[in-house]
Amino acid sequence: MSETYRNILGLRAIRNYQERPIRQEDLDRVLEAARWTGSSKNLQKWAVVVVRNPEQITRLADCGTFTTPLRAAAVALALVQEPNTREFDTGRMAQNIMLAADALGMSTCPITLQRTEDTAAVLGLPPGWVCRYAIALGYPAPDARPSRYGGRKASGEIFHQESFGQ
C-alpha cells in the first residue's frame, strides 16, 4: 500500500492546536497545493482568504455554528467561490488543503459557515461571491485526537451497483 493511499485513509479532522503561528513556508506549501487543485474545465472559480488575525478569525467563526476549532486555529482559510459556481471544485480544493497540511505535520478541520451574507461582509467579498466553508489550520496539540465522530459506514451502505439499492 502506498504512503499516499495510507495518508488518504488516515486523514482525520483535528480540533485542538498548539498556540503557535504557522511557519510561512508551511503555509505557502499548503496554498500551492490548493492552487494546483483540478477544477471543472480548469476555470479555477475560487479564491482563498488567509486569515491570521485572531479578531478576524473570531468574526469569521461568528458566521457559523460549531466553529470552536476555527477559533482555536492559528490560521483560517476561507474558501471563496465566484458567482454561479458549483461547490464540487471547492470541495476538491478543501481536500487538497487538508491532505497537504497533514503531509506537512499540520492538522485541519473543515468548518461550515451558514450565515453567508455575514461571511461576505466579514471578508469584504465582491457582490455574488460566496464563502460557505473555511478550514481551521494549525499544528496539532500534543493531546489532539481525531473527532469523536470517527469510523465509517459499512461499504454495503454506501456503494451500489448499476442502480441504487443494488
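Patches are built from residues that have over 30% relative accessible area and no salt bridge, with like charges joined within 9 Å and nonpolar side chains (Val, Leu, Ile, Met, Phe, Trp, Tyr) joined within 5 Å. Accessible areas come from the Shrake-Rupley method with a 1.4 Å probe, and for residues only the protein chains shown count as cover. The model is predicted, so local features need pLDDT of at least 70 and side-chain atom pairs count only at pLDDT 80 or more, while totals for chains, interfaces and linings use all residues. Residues are numbered from 1 along each chain as its sequence is written, and side-chain values use heavy atoms, with hydrogens and water left out.

One nonpolar patch on the surface consists of M1, Y5, I8 and L9, which together have about 440 Å² of accessible area. L9 belongs to helix 1, residues 3–10; helices (H or I, at least four residues) are DSSP runs, numbered from the N terminus. L9 has a relative accessibility of 46% and counts as partly exposed, a class that lies between buried (under 20% relative accessible area) and exposed (over 50%), with a 1.4 Å probe and protein chains only.

Helix 2 (residues 24–35) and helix 5 (residues 88–103) have axes that come within 8 Å and cross at roughly 150°. Axes here are lines fitted to C-alpha atoms, for helices over the stretch in contact, and angles between N-to-C directions run from 0 to 180 degrees. Helix 2 and helix 5 are therefore roughly antiparallel, the term for angles over 145 degrees. Their crossing is right-handed, meaning that the near helix is turned clockwise from the far one by less than a right angle.

Both helices also carry salt bridges (a side-chain nitrogen of Lys or Arg within 4 Å of a carboxyl oxygen of Asp or Glu). The count by this rule is 6. In helix 2, E32 and R35 are 3 residues apart, about one turn of the helix, and the closest N and O atoms of their salt bridge are 2.8 Å apart. E32 is partly exposed at 34%, and R35 is partly exposed at 47%.

In helix 5, R92 and D89 are likewise separated by about one helical turn, being 3 residues apart. Their salt bridge has its closest N and O atoms 3.9 Å apart. Here R92 is partly exposed at 34%, whereas D89 is buried, with a relative accessible area of 13%.

A further salt bridge joins E25 and R23, at 3.2 Å from N to O. E25 is partly exposed at 43%, and R23 is partly exposed at 42%. These two residues and D26 are linked in a network of salt bridges.

Definitions and conventions:
Helix = DSSP H or I, 4+ residues; strand = E, 2+ residues; numbered from the N terminus. Parallel < 35°, antiparallel > 145°, perpendicular 65-115°, else oblique.
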